[in-house]
Amino acid sequence: MLNQTFPVIYQNQRFLVDPVLLSNASKKFCDLLNSNQDKIQNPCLRINSDLFTSRIISNFLQICQNQTTDTQNSELKEICLLARMFQA
């Protein structure tokens with residue numbers, strides 16, 4: 001069962017993710033979450049970029065949570081770029 005309580009914001013769209021699963025999949029997210037754990041009330045992750053579509057972000061976050069996606073072959077390059085950025 002997923003505990004999708006952590007908001008990830010991209011281009012004014014909000015995606016709720018399971019912080020434990022995302023931490024397990026992404027070293028950058030894990031480091032960010034651990035470094036700010038006691039300092040911030042209502043933490044969230046805001047991705048400030050216009051390189052990706054919301055669909056790419058959504059599919060990447062689903063992959064990190066071991067959920068099924070409808071990712072197209074043409075989107076894999078961008079998903080891999082996100083994975084590299086998040087050290088996932």
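Buried residues are those under 20% relative accessible area, exposed ones are over 50% and partly exposed ones lie in between, with a 1.4 Å probe and protein chains only. Helices (H or I, at least four residues) and strands (E, at least two) are DSSP runs, numbered from the N terminus. The model is predicted, so local features need pLDDT of at least 70 and side-chain atom pairs count only at pLDDT 80 or more, whereas totals for chains, interfaces and linings use all residues. Residues are numbered from 1 along each chain as its sequence is written, and side-chain values use heavy atoms, with hydrogens and water left out.

**The sheet**

- An open sheet of mixed pairing is formed by 3 strands in the order β2-β1-β3, where two strands pair if DSSP finds at least two bridges between them.
- Because β2 and β3 stand at the edges with a single partner strand each, one side of each is left without a neighbour in the sheet.
- From one strand to the next the twist averages 25 degrees, with axes being lines fitted to C-alpha atoms, for helices over the stretch in contact, and angles running from 0 to 180 degrees between N-to-C directions.
- Strand β1 (residues 6-10) runs antiparallel to strand β2 (residues 13-17), to which 5 bridges join it; within this pairing Pro7 stands opposite Leu16 and Ile9 opposite Arg14.
- The hairpin of β1 and β2 has 2 residues between the strands, and Gln11 takes a positive phi near 50 degrees there.
- With strand β3 (residues 45-47), β1 pairs in the parallel sense over 3 bridges, and Leu45 in β3 is the bridge partner of Val8.
- In β1, 5 of 5 residues are buried: Phe6, Val8 and Tyr10 point one way from the strand, while Pro7 and Ile9 point the other way.

**Helix α3**

- In helix α3 (residues 54-64) the buried residues are Ser54, Ile56, Ile57, Asn59, Phe60, Leu61 and Cys64.
- These buried residues pack against β1, β2, α1 (19-25), β3 and α4 (76-85), contact meaning heavy atoms within 4.5 Å.
- Asn66, which follows α3, has a positive phi near 60 degrees.

**Aromatic pairs**

- The whole structure holds 2 aromatic pairs, a pair being rings of Phe, Tyr or Trp (its six-membered ring) with centres within 6.5 Å, and planes under 30 degrees apart count as stacked, over 60 as edge-to-face and the rest as tilted.
- The Phe6 and Phe29 rings form an edge-to-face pair, because their centres are 5.1 Å apart and their planes stand at 85 degrees.
- Since Phe6 lies in strand β1 and Phe29 in helix α2 (residues 27-35), this pair ties together parts that are 23 residues apart in sequence; both Phe6 and Phe29 are buried.
- Phe60 and Phe86 form a tilted pair, at 5.4 Å centre to centre and with 40 degrees between the planes.
- Phe60 lies in helix α3 and Phe86 in the segment after α4, so the pair ties together parts that are 26 residues apart in sequence.
- Phe60 is buried at a relative accessible area of 3%, and Phe86 counts as buried at 13% relative accessibility.

**Cysteines**

- A search of the whole structure finds 0 disulfides, the criterion being a pair of cysteine sulfur atoms within 2.5 Å.
- The sulfur of Cys80 lies 11 Å from the closest cysteine sulfur, that of Cys64, which is too far for a bond.
- Cys64 is buried, with a relative accessible area of 7%, whereas Cys80 is partly exposed at 47%.
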